[in-house]
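Please read the points below with the sequence and the three-dimensional model open side by side. Each point takes up one part of the structure.

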Amino acid sequence: MSDTRRRVKVYTLNEDRQWDDRGTGHVSSTFVERLKGISLLVRAESDGSLLLESKISPNTAYQKQQDTLIVWSEAENYDLALSFQEKAGCDEIWEKICQVQGKDPALEITQDPIDESEEERFEEMPETSHLVELPPCELARLEEIADLVTSVLSSPIRREKLALALMSEGYMKKLLQLFQVCEDLDNREGLHHLYEIVRGVLFLNKAALFEVMFSDDCIMDVVGCLEYDPALVQPKRHREFLTKTAKFKEVIPITDSELRQKIHQTYRVQYIQDIILPTPSVFEENFLSTLTSFIFFNKVEIVSMLQEDEKFLTEVFAQLTDEATEDGKRRELVNFFKEFCAFSQTLQPQNRDAFFKTLANLGILPALEIVMGMDDLQVRAAATDIFSYLVEFSPSMVREFVMQEPQQTDDDVLLINVVIKQMICDSDPELGGAVQLMGLLRTLIDPENMLTPTNKTEKTEFLSFFYKYCMQVLTAPLLANTVDEKKSKEGSTKINPVCPDNFQTAQLLALILELLTFCVEHHTYHIKTYIMNKDLLRRILVLMNSKHTFLALCALRFMRRIIGQKDEYYNRYIIKGNLFEPVINTLLDNGTRYNLLNSAIIELFEFIKVEDVKSLIAHIIDNYYKALESIEYVQTFKGLKGRYEQEKDRQTLRLNRYRRDARTLDEDEEMWFHEDEDDDEGEAVEKSRPEEEFPESYGKYMEAKKVKESDDKENFPTQTPTGSFKFTFSHSAGAANGANGKPAASHAASASPNGSPAKSDATPSTLVVKTAMVGLVDYPDDEDEEEEDEEQSPRKRPRLGS
């Protein structure tokens, strides 16, 4: 079975009229008892499984195409093809098929593929019982021949009979010789008839005719006939384009003459299909299916021949990466690989896998790393297209390569950083290349395609690599265009309102923001750490001041995605930095205009209200409600205030419930304290003083008491090592106090449980609150005490920075 003559690929034609590869194996013809006849068997070369078992039926029409193909139909809409590695093997099986059917092996088709019912119907018609009789191939009979060809197109049976007649006695070659005579005589009428004849013959959809028409001797005459469309005043100049304008460039000399001929033929046939022939109508769309198959199999053969010639590909790679290679030569080499990869898209998945693995083994990725960093725009564009083919084929293969790079190269020349820099430096005003590269980066960092069974740690390893070596390169333009101004005297940070007005820069920043927003949703831990370490959200919100609304919306979308994570770490970060301020300023500046920006901001606050994000609700109401309460065309902010009041009431009730003195505990609790022996009673009570040893109810009471005795309202909670939250009260820059014209978190004086007045000194104080006892946001004061406080120290109206 190792005989290469019998090595074949099995293809089936799918519903889209495209050939699907069913596998590679070895074919044999043998008698199968179950099928009661000689059958074609193909066993897979990988595991010996049966790929095909097809009885050679006496009535099945088999066709031999291109010397290495045998095609037939086994049932309605089920076409099969065997593609042989060698012509000798194809001839051997063809002879066996013809022997079973009693046909001459010299024929290219064994039967007229006629449905039995149609055959019976047409046998009653004398004029169709024999082959179509063609008029003599003479100038005077061209009109008659054209009428005959045109008339048979509507009848499948007559098309078959005409095709058989045209294949006999070299009729097509004689017709094409008449074309040369007509052109020499400038016989326009004859040339118009020849156009109709050749176009009709192509629509006969017969591979055997294509073999003749697309041979080196005939194809240019076929193109010449198709130049003389009767509907055109002047003929087209397709031959001039193919022979003079279109130049075949051999980046490395191709020594295989068969390969060179196949490349020429494929290009010209593709040109006929795409350029010369008019777009087929609905009734004609299947007429050219065989032409499509002809091109498909040619491309498969070209890719296979090039792929197997390792010496050729090795030489191409060597010249591509050689610094001494001239720019023009390198451009041709890159364009060759681009065309090579485009051809590979016609391959079936398993063949495409083998193709790209061959390129990877030869070093396509290191080569791309070099050429993508070059100054030549055409080279970079072609290299980007090749890179996109590789990423689409296997993101894991690309990721595996780039993770090995830091061991042997600098950060600046890492492949992903080269891609990012090319995206940033795209000179196209519409950033077409940048958009393409951003899509490739998104594919590479998407955790959804990192779940490969062979590498369980790929996601963790690659994301760690990306955030360590590449994220700073991606965010560099963003950070450069959103610089902060530090005001050291006042101890505050003011966001610089100057934003990039350049449209192209704004587009680039929008692309970067889109990628970062994707990271927030899919990278949780890594992006969270990066945002907080770089104070990234503050920098991004500078772009809310941009005159380009789309960029302001991108910044808002980024914040919305962060809040949508409902992560308290993010929430505390937003609260500590007063990061709602630029959003609210934009809302106020937008005024009463009803536009997308207005709706997007309202939706952000509506989300916070609906999801009842307590920490953010308290922060917004405490700091910004005075500025927002006048907005009444939506109920969002009144709803936030309502949520705030509800939570405040709950906290007040909770405090009142545990305000009892420890001495009023009920009898059960008293008994609990006195269960120990009398001698150890005092010691036991003394030992139980720490909060963790008290019953939960008493612990809650003690925590409530401490809350009531606190000197100030908390500004920002931080978690202590014991799992508690530490509330720090200070008039610092982070609290955005009156020193920079921004409102500090409102704090009303409160009385301690025993009625003593609260302290009001300005020194920072701390309060440790068990998370199991008191919520993150606490409002200990009841309404009476708040009213009393307001008389003493009225709340300032928020004055937001402009």
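**Notes on the predicted model**

1. T358 touches Q307 and L313, leaving aside residues up to four places away in sequence. This threonine lies in helix 14. T358 is buried, because its relative accessible area is 19% and the cut-off for a buried residue is under 20%. T358 and E310 are 48 residues apart in sequence, and their C-alpha atoms are 9.1 Å apart in space.

2. The model is predicted, and the confidence of the prediction should be kept in mind throughout. The average pLDDT of the protein chain is 77, and 74% of the residues score at least 70. Among the elements of the chain, helix 25 (residues 549–564) has the highest mean pLDDT, 96, whereas strand 12 (residues 765–769) has the lowest, 37.

3. Two stretches call for caution. Over residues 677–702 the pLDDT stays under 50, and the model has 25 contacts beyond four places in sequence for this stretch. Over residues 704–799 the pLDDT likewise stays under 50; here the model has 169 contacts beyond four places in sequence.

4. For the chain as a whole, the secondary structure comes to 34 helices and 12 strands. The chain has 802 residues, of which 49% count as buried. Among contacts between residues at least 6 apart in sequence, 66% join residues at least 24 apart. The accessible surface comes to about 40,500 Å², and carbon and sulfur atoms account for 48% of that area.

5. Which helices do the buried residues of helix 13 pack against? They pack against helix 10 (257–276), helix 11 (289–308), helix 12 (310–321), helix 14 (349–362), helix 15 (364–371) and helix 16 (377–393). The buried residues of helix 13 are R330, L333, V334, F336, F337, F340, C341, F343 and S344. Helix 13 itself covers residues 327–344, 18 residues in number. Its span from the first C-alpha to the last is 26 Å, close to the 26 Å expected at 1.5 Å a residue. In general, an α-helix has 3.6 residues a turn, so residues three or four places apart point the same way.

6. T475 lies in helix 21 (residues 471–480). Is T475 buried or exposed? T475 is buried, because its relative accessible area is 0%. Its contacts, not counting residues up to four places away in sequence, are with L516 and Y530. With Y530 there is also a polar contact between the two side chains, at 2.8 Å.

7. Strand 7 (residues 78–84) is mostly covered, as 6 of its 7 residues are buried. K9 has S83 of strand 7 as its bridge partner.

8. D186, in the loop between helix 5 (171–185) and helix 6 (188–203), has a positive phi of about 55° although it is not a glycine. N205 lies in the loop between helix 6 and helix 7 (207–213). N205 is not a glycine either, yet its phi is positive, at about 65°. N205 counts as buried because its relative accessibility is 15%.

How values were computed
Residues are numbered from 1 along each chain as its sequence is written. This is a predicted model: local features need pLDDT of at least 70, side-chain atom pairs count only at pLDDT 80 or more; totals for chains, interfaces and linings use all residues. Side-chain values use heavy atoms; hydrogens and water are left out. Helices (H or I, at least four residues) and strands (E, at least two) are DSSP runs, numbered from the N terminus. The expected span of a helix is 1.5 Å times one less than its number of residues. Buried means under 20% relative accessible area, exposed over 50%, partly exposed in between (1.4 Å probe, protein chains only). Contact means heavy atoms within 4.5 Å. pLDDT is the predictor's confidence in each residue, from 0 to 100. A polar contact is a pair of N or O atoms within 3.5 Å; within protein, one must be able to donate a hydrogen and the other to accept it, and residues adjacent in sequence count only if both atoms are side-chain atoms. Two strands pair if DSSP finds at least two bridges between them. Accessible areas come from the Shrake-Rupley method with a 1.4 Å probe; for residues, only the protein chains shown count as cover.
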